[in-house]
Amino acid sequence: MNKERSRGISVSPLLFEALIMRFSWTDIRLQTAGCSDMHREIAGGVYFVGVDDHRTQLFENLWALPHGVSYNSYLIVDDKIALVDAVKESWADEWLENIREIVDPSRIDYIILNHMELDHTGALPHIARIARNATLIYTPRASPMQKAFFDVSLKEKTVKDLDEISLGNKTLKFVHAQFLHWPETMMTYVVEDQVLFSCDAFGSYGALNGKIFDDESDMQKIEKESKRYLSSIITSYLMFVRRGVEKVRKLGIAIKIVAPSHGPVYRNDPMWIISRYYEWSSPQFEKHVAIVYGTMYGYTHSLAVTLKDELVAKGIEVRMHDVSQSEMSNIVTDTIRASVIALGTPTYDAYPFPRMQAFVNEMEGKRFPRRPLALFGTFGWGGGGIEKLQKQLANMGFEILEPVTRVHARPSQQQKHDLVRLTDAIARKISQD
Ligand code: FEO
């Protein structure tokens, strides 16, 4: 019986070997598709050791992450070993594993912190307990932040703008990059390999899923997600983006690879992301109108649609968002560069519709550059929503186009006519740009 069964599944030694080989290869590929891809070499002796976050729903607990996000960290192995940036604390174990696959983390000599925000430093105490002889490297402004957040018991060395440290065969140059995206930020440049570790600058939302390089990525998706990332995270500091890019240009350093702390590593076309960031941080507005409105029972929606139809009929590009339906980062992305923003609100408890108020507060907090604004809205009895919004926006320095359209309940023909006049005012502003 055993013999029969044995005969039934018997395989030749050659086939057996082939199956074993196939199994082993599949196993290796499975590993490669998982964590092992996350420690790939990006230049000789320079490794990616970052992690993907598929769990967090909202970045900063504010901005949607439909495709996840990566926290990139890099290891430079030379006579001395340097670690560039850490990761968010929940991913410390996976990150340490990535490092261990390359070196014993206790051998790390330098931990370079380009930025103190916790998505890049949360796991610092974990590595600090292992790499006990390492020296922290950061800007003078980062030092008190590190002490306030962690106060790890490691030596520290603060670096001035353009200071250099030798690792043996490789030289690290530190380029201060204030407000990218906090006041203490810097970039680290590997002189011999021409690799720029830019931290938040040139970053993107979206997990990498093992595809760490631009030439392995869906670049249409990267373009959308990096623009949304810049718009939601760095909008308050757009002029610092341009200053940062201009500073790097003036240094005259060649850049072969841009390795940010979120999103892909740009080895195929590093200038692509630098140029996109420069373009998206331009003080020049784009020739489109963003209509952002709230609505409860559809009347403000109908005003928004009339406005949109009139603008489109005039050949003007419109991007439109209902604040109760669109995610905030998409609204910010479409409004921050619009030549004219049109805001519509119902009155709610004598105030603007709460989600519209939240958006206008976001405009204020993100220091939206001034430009013409159009205002329209509805009220059922007492009013007050549009008036309060108008006052706040005027205090923020925005020019409010006339006529401001206030509708009691159902829009009348006269009020629709006012909206047409408003589109004329918007069109004149767009043509003046
Ligand atoms: Fe990715 Fe400002 O932290």
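**Close-up views of a predicted model**

**View A. The largest nonpolar core of the predicted model.** This core comprises 71 residues, and Tyr74, Ile111 and Met187 are those with the most contacts inside it. When neighbours within four places in sequence are left aside, the contacts of methionine 187 are Asn114, Val175, Ala177, Leu196, Phe197, Ser198, Cys199 and Ala201. In soluble globular proteins, nonpolar side chains tend to be buried together.

**View B. An open sheet of five strands.** The strands follow the order S12-S13-S14-S15-S16, and their pairing is mixed. Strand S12 (164-166) and strand S16 (257-260) are the edge strands; each has a single partner strand, so one side of each is left without a neighbour in the sheet. On average, neighbouring strands of this sheet are turned by 20 degrees against each other, direction ignored.

**View C. The pairing of strands S15 and S16.** Strand S15 (residues 195-199) pairs with S16 in the parallel sense, over four bridges. Within this pairing, phenylalanine 197 has alanine 259 of S16 as its bridge partner. Phenylalanine 197 is also among the contacts of methionine 187.

**View D. Strands S17 and S18 with helix H10.** Strand S17 (residues 286-293) and strand S18 (residues 317-322) run parallel and are joined by six bridges. Opposite histidine 288 stands glutamate 317 in S18. From S17 the chain passes through helix H10 (residues 299-313) to S18, forming a right-handed β-α-β crossover.

Technical notes: Residues numbered from 1 in each chain as written. Predicted model: local features only at pLDDT ≥ 70, side-chain atom pairs only at ≥ 80, totals over all residues. Pairing = 2+ DSSP bridges. Helix = DSSP H or I, 4+ residues; strand = E, 2+ residues; numbered from the N terminus. Axes fitted to C-alpha atoms, helices over the stretch in contact; angles between N-to-C directions. Right-handed = clockwise from strand over helix to strand, strands pointing away. Core = buried A, V, L, I, M, F, W, Y, C linked by C-beta atoms within 7 Å. Buried ≥ 20, exposed ≤ 12 C-beta atoms within 10 Å, placed from the backbone. Contact = placed C-beta atoms within 7 Å.
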